[in-house]
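Subject: Structure for you to look at, with notes

Dear colleague,

Please find below the structure that I said I would pass on, followed by my notes on what was found in it. I would be glad if you read the notes with the model open beside you.

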Amino acid sequence: MTTNIYDLANELERGIRALPEYHTLAEQKAKIDGDEEAKQLFTEFTSFQEGIYNAMQSGQMPSQDDQKKMQEMGQKIEANPILKAYIEAQQALSVYLNDIEKIVFKPLADLNK
């Protein structure tokens, strides 16, 4: 019997969507979308974060100004209860995703031993 790897991947995707942590994250995202202040700050944060990520992908390290702005944005997010709850829910789900990533990439890691 041959296992279709894509069927397994789709089953995993459905499993992730069924997790209580995923549902909590979706609920928190809906709260952000329903609050203009939180939504604006979230958009600003994700855009800034994406810019930093893209710069780092091209070999540029964040400047001191970028690091300061990142810290300030982190403080704003911590001060907003809606965004704080979203980040906490995201972190709870990421525990699963990190574990899954380790499992999925284990065959490649084994080859490099």
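Phe42 counts as buried, because its relative accessibility is 14% and buried means under 20% relative accessible area, with over 50% called exposed and the range in between partly exposed (1.4 Å probe, protein chains only). Tyr86 likewise counts as buried, at 9% relative accessibility. Before going further, please keep in mind that this is a predicted model, in which local features need pLDDT of at least 70 and side-chain atom pairs count only at pLDDT 80 or more, while totals for chains, interfaces and linings use all residues. Residues are numbered from 1 along each chain as its sequence is written, and side-chain values use heavy atoms, with hydrogens and water left out.

Phe42 and Tyr86 form an aromatic pair of the edge-to-face kind, with 5.2 Å from centre to centre and 80° between the planes. The rule here is that rings of Phe, Tyr and Trp (its six-membered ring) pair if their centres lie within 6.5 Å, and that planes under 30 degrees apart count as stacked, over 60 as edge-to-face and the rest as tilted. The pair links distant parts of the chain, since Phe42 is in helix H3 and Tyr86 is in helix H5, 44 residues apart. Helices (H or I, at least four residues) and strands (E, at least two) are DSSP runs, numbered from the N terminus.

The two helices that carry this pair also pack on each other: the axes of H3 (residues 36-57) and H5 (residues 81-111) come within 9 Å and cross at roughly 50°. That makes H3 oblique to H5, because angles under 35 degrees count as roughly parallel, over 145 as roughly antiparallel, 65 to 115 as roughly perpendicular and the rest as oblique. Axes are lines fitted to C-alpha atoms, for helices over the stretch in contact, and angles run from 0 to 180 degrees between N-to-C directions. On the H3 side the contact is made by Ala38, Leu41 and Phe42, and on the H5 side by Ile82, Leu83 and Tyr86, where contact means heavy atoms within 4.5 Å. These residues divide into six nonpolar, no polar and no charged, with Ala, Val, Leu, Ile, Met, Phe, Trp, Tyr, Cys and Pro counted as nonpolar, Asp, Glu, Lys and Arg as charged, and the others, Gly among them, as polar.

Leu83 touches Ile32, Ala38, Leu41, Phe42 and Ile77, if residues up to four places away in sequence are not counted.

H4 and H5 pack at an angle of about 100°, with their axes 5 Å apart, and are therefore roughly perpendicular to each other. Their contact is made by Ile77, Glu78 and Ala79 of H4 and by Pro81, Leu83, Lys84 and Ile87 of H5, a group that divides into five nonpolar, no polar and two charged residues. Asn80 is found in the loop between H4 and H5 and counts as buried, at 10% relative accessibility. Leaving aside its neighbours within four places in sequence, Asn80 is in contact with Glu37 and Ala38.

Gln90, whose place is in helix H5, is partly exposed, with a relative accessible area of 36%.
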